[in-house]
Amino acid sequence: MSIIVEQARKQFGDFVALDGVSIEVPDGSLTALLGPSGSGKSTLLRVIAGLEKPDSGRVMISGGDATDVPAQKRGVGFVFQHYAAFKHMTVRNNIAFGLSIRKRPKKEIAERVDELISLVHLDGFGDRYPSQLSGGQRQRMALARALAVEPKVLLLDEPFGALDANVRKELRLWLRRLHDDVHVTTIFVTHDQEEAMEVAGQIVVMNEGRVEQTGQPNDLYEHPQTEFVMSFIGPVNRRGAMFIRPHDIELLHVPAPEAEEAMIERVVNLGFETRVELLLADGEQLWAQMTRAEADLLELVDGQIVYVRPRRAKVFEPNGDPRTEELASAA
Amino acid sequence: MAARDRLGKYGLRYFALGYLTMLLLIPVGMISYRAFEHGFSAAWSSVTTPDALHAFLLTIEIAAIAVVANTIFGVGCALLLVRTKFRGKALLNAIIDLPFAISPVVVGLALLLLYGRTGWFGSMFLDNGVQILFAMPGMVLATIFISLPFVVREVVPVLHEIGDEQEQAAQTLGANWWQTFWRITLPAIRWGVGYGVVLTTARALGEFGAVAVVSGRISGQTETAPLWVWREFGQFNTTGAYTASLVLALIAIATLLAMNSFKRKEAS
Amino acid sequence: MPRLGGAPLGRGLVTAYLSVIVLIPIAALVSKSLEGGLSGFWDSVTSPLALSALKLSLILAVIVVAINLVTGTALAWVLVRDKFPGKALVNSVIDLPFALPTVVAGITLLALYGTNSPVGIDIAFTRVGITVALLFVTLPFIVRTVQPVLLELDREMEEAAASLGASPFTTFRRVIFPNLRPALLAGTALAFARAIGEFGSVILISGNLPKTQTAPLFIFAQIESGNTEGAGAVSVTLLVIALLVLLVIGRLTHWSLRHGR
């Protein structure tokens, strides 16, 4: 089921949460709404769910106008950041809730609940209460609960935000695999660009209530349309009007055309990756990123003088498309 | 710990506990003594007279009605205060707290003036043969008034604390407002409601001043247990008065125990 | 987030319930009490008996609140900071005056400190007796408002004060007390309102003497003798005093919360 939002506007008092947002989510896709806090991504998600009504604009779900349809009738599954588990019900009853509301026969409900418990790997936990589960388990239960009523769309609001870092990583992959199996149109909200890049097939980057850019992860990384997108997705150095990725900074031991003189302030070894913090002649700082092997080859030392130049940089003209400057080819 | 600190600590403890003992514990212990002063059977027969039994029954009936009414009102009003937006919440809160500020005899007087022969609603009811004053309805109205705030006041903070995300989740799963309320909200607030109900019950059972004014204290008809106790004491039937007081005190202690267990369940 | 679609209906029902139960009766009270005009009202309130009853109620309420400030804080302190066997029991007993019918409270106090007192203390028919009854019924208020605040209080503040050289008394006065102030004010308001309006426990101890007739007892006597105007005037006065005190203390609490903490 595809989702189309047209020119949604939403204001809370003086604060404009959504400033004319339009997005298209293809059927069966896994889309991320990515942005910093206050960008409007959660509000947009809630508008799609029917938990908020937009001041103006439309929400279309599989071709039908759902703008005035209440949340109960939209057929959306929603997963909250803090789980919203029904604390007084067991895991089984939580998952069964949507089905028992619809007065399905008990046998059918029991079967479906068993299916879902297996799907989310909570076998054996059916009779526990949410307070007896870990955060990650609670969130898996919440997902099972949302999926139980076979929603047309699955919406997740910062689903892994309340979890430990390694649980987060684990569940990210798990969500990706789940989507491969279940194929429900899924939209999730996150402020973590790594998460969006890793999980989503399509990313909508939002900032201050507006959509900055929509596209596949690679697209956004390689061809950012605005400064904001480039800075938000992936690390970036700024040199005048040029935006340079750290791994596009070339280090040389001898002067070369287009290369500037710089001193190595610090070489930081992070396992596979090495970072080199550089101080340029005019006092500005850059950092370069390379593999350990590359760094070893260069034999870099703190305090050394080197010559740096960007292999590739982006310039964002105020009026017009961003320009990519391809400079000296790599050795 | 320094000797001076220890003196301070023990001094404070015995001061506080001593005060409590003198004011509360010993007096309550005394009524059991007085009740059984003339033997157990004398005590028993004094509280099982028809008038006495009727008084207890009446008290329970009135309290039951008041508790049910104020619980339904309390939960609904709490939902209104916490889950909806409107102007005048401060005013509503002030009105709900009014029963705490008003003397029970003043409540009784207000009802007398409203439903009496020259009152605004007086003729409306009396002309149709409905007795409000000196009868059950008036006593129920008085009891509802003075026990009004408890359920609301206990449920409001609980509603705040649990937040409304569970309710939102229920909505996305297709539940309508009744299903959400009955299956999600109510279970989540049940200990707060329970505690409020217990407080309301205690207050309603023990009500004296308002009912004394409004009931006419007609023996055998409109006398509640506290009123009966008063009458017996005034007529020097002290055994009856003390025994009934003991019964009421035991009910109060049972109420306390219930309060405690609800408070603990609420906290967990 | 507003979720109840039936909110206007709910508001209507709540308003109707409160009107029938609370607002209309109070309105009738005020209206009927002013039937003799403001001068009639004034005459009723300033009659010698009425004035002495009001004065007695106010003075006793102030005394009782003052005592409760000390004993209530002490009890709350002991319950939160101290450890001794039976503490849980003591904690539940504090609520007894809430649960006990007021007339029973009066009888129990008379049993011990009345005419047939086993310990030889007879305060029946005295103002002291009334004061003791009021202390009984107002016992829980300050204890229960102070307890949660003491529980939440950050011990580290006191430890910091101690490390800077403050004595326990100074620490209490300058670190703990300011944080307790809003709770003390709230408890005071509740205790005061309860004390001036108390009826059931006082009626037995007072014995119907003019010198021990508090305002509620006066009101009751006037109702019994058919003088509903006099009763009404003093009732309205009592209510206004209670509301004023609640209002003033409410403001003070608000101020205290903003500055003291």
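This is a predicted model: local features need pLDDT of at least 70, side-chain atom pairs count only at pLDDT 80 or more; totals for chains, interfaces and linings use all residues.
Start where chain B meets chain C. Chain B puts 71 residues into this contact, and chain C puts in 69 residues. On the chain B side, the top contributor is helix α1 (residues 3-35), which supplies 18 residues. Sort that side of chain B by class and nonpolar residues number 54. Another 10 are polar, and seven are charged.

Now turn to the contact between chains A and B. Here 18 residues of chain A touch 14 residues of chain B. Two elements of chain A, β6 (76-79) and α2 (91-101), each give at least two residues to the side facing chain B. That side of chain A holds 11 nonpolar residues, along with five polar and two charged ones.

Next, look inside chain C. Helix α3 (residues 48-81) of chain C is built from 34 residues. From first C-alpha to last, α3 of chain C spans 49 Å, close to the 50 Å expected at 1.5 Å a residue.

Finish with a strand pair in chain A. Strand β15 (residues 273-280) and strand β16 (residues 285-291) of chain A run antiparallel, joined over seven bridges. Within this pair, A:Glu277 faces A:Trp287 of β16(A) across the strands.

Technical notes: Residues are numbered from 1 along each chain as its sequence is written. Chains are lettered from A and ligands numbered from 1 in the order in which they are written. Two residues are in contact if their C-beta atoms, placed from the backbone, lie within 7 Å. Helices (H or I, at least four residues) and strands (E, at least two) are DSSP runs, numbered from the N terminus. Ala, Val, Leu, Ile, Met, Phe, Trp, Tyr, Cys and Pro count as nonpolar, Asp, Glu, Lys and Arg as charged, and the others, Gly among them, as polar. The expected span of a helix is 1.5 Å times one less than its number of residues. Two strands pair if DSSP finds at least two bridges between them.
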